[in-house]
Amino acid sequence: MMSRLLDIFSIVSITAGAFFYLAGTVGLLRLPDAYTRLHALTKADNLGLALVVIGLLPQVDSVLAALKLILVWLLVLLSGAAVSQLIARAERRRETRS
């Protein structure tokens, strides 16, 4: 019974994460400027990855594998924030030159 509940939790969480990935992609394609695209993409992708990781955690066999999943999520959070900052700064510089 508990295994079935964990499987259902994983399916719901991973599906919700995939939905947020899709929403971020739609935001990237539909929003008007680079700043709103970055905002939609980083927020949706960070939440999407968090939900996918949360959905995968009950399925792992060891604590080490769970820690690796969490570490990957944290590294993606940090790198996503750094890259979006660099893109926004480059866009601002491009706007001031024009």
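**Terms and values**

Guide: Start with Val12, which lies in helix H1 (residues 2–30). Helices here are DSSP runs of H or I with at least four residues, strands are runs of E with at least two, and both are numbered from the N terminus. This is a predicted model, where local features need pLDDT of at least 70, side-chain atom pairs count only at pLDDT 80 or more, and totals for chains, interfaces and linings use all residues. Residues are numbered from 1 along each chain as its sequence is written, and side-chain values use heavy atoms, with hydrogens and water left out.

Visitor: Why does Val12 count as exposed?

Guide: Buried means under 20% relative accessible area, exposed means over 50%, and partly exposed is in between (1.4 Å probe, protein chains only). Val12 has 52% relative accessibility, so Val12 counts as exposed. The C-alpha atoms of Val12 and Gly55 are 7.6 Å apart, although 43 residues separate them along the chain.

Visitor: What makes Arg89 partly exposed?

Guide: Arg89 sits in helix H3. Its relative accessibility is 33%, so Arg89 counts as partly exposed. Its C-alpha atom is 18 Å from that of Leu31, 58 residues away along the chain.

Visitor: And Glu91: buried or exposed?

Guide: Glu91 is also placed in helix H3. Its relative accessible area is 15%, so Glu91 is buried. Contact means heavy atoms within 4.5 Å. Leaving aside neighbours within four places in sequence, Glu91 is in contact with Ala34 and Tyr35.

Visitor: Which residues of H3 are buried?

Guide: They are Ala66, Ser84, Ala88 and Glu91. These buried residues pack against H2. In H2, the buried residues include Leu38, Thr42, Leu49 and Val53. The buried residues of H2 pack against H1 and H3. Across the protein, buried residues make up 20% of the 98 residues.

Visitor: Why are H2 and H3 called roughly antiparallel?

Guide: Two packed helices are described by the angle between their axes and the distance between the axes. Axes are lines fitted to C-alpha atoms, for helices over the stretch in contact, and angles run from 0 to 180 degrees between N-to-C directions. The axes of H2 (residues 34–56) and H3 (residues 63–97) come within 10 Å and cross at roughly 175 degrees. Angles under 35 degrees count as roughly parallel, over 145 as roughly antiparallel, 65 to 115 as roughly perpendicular, and the rest as oblique. H2 and H3 are therefore roughly antiparallel to each other.

Visitor: How do you know that the span of H3 is close to the expected one?

Guide: The expected span is 1.5 Å times one less than the number of residues. H3 has 35 residues and reaches 51 Å from first C-alpha to last, close to the 51 Å expected. H2 has 23 residues and reaches 32 Å, close to the 33 Å expected.

Visitor: What pattern does the protein follow along the sequence?

Guide: The pattern is α-α-α. The protein has three helices and zero strands.

Visitor: Why is the protein called more spread out than a compact globule?

Guide: The radius of gyration is taken over C-alpha atoms, and the globule rule is 2.2 Å times the number of residues to the power 0.38. For 98 residues the rule gives 13 Å, and the protein has 17 Å, well over that, so it is more spread out than a compact globule. Along its principal axes, the C-alpha trace spans about 60 × 25 × 10 Å.
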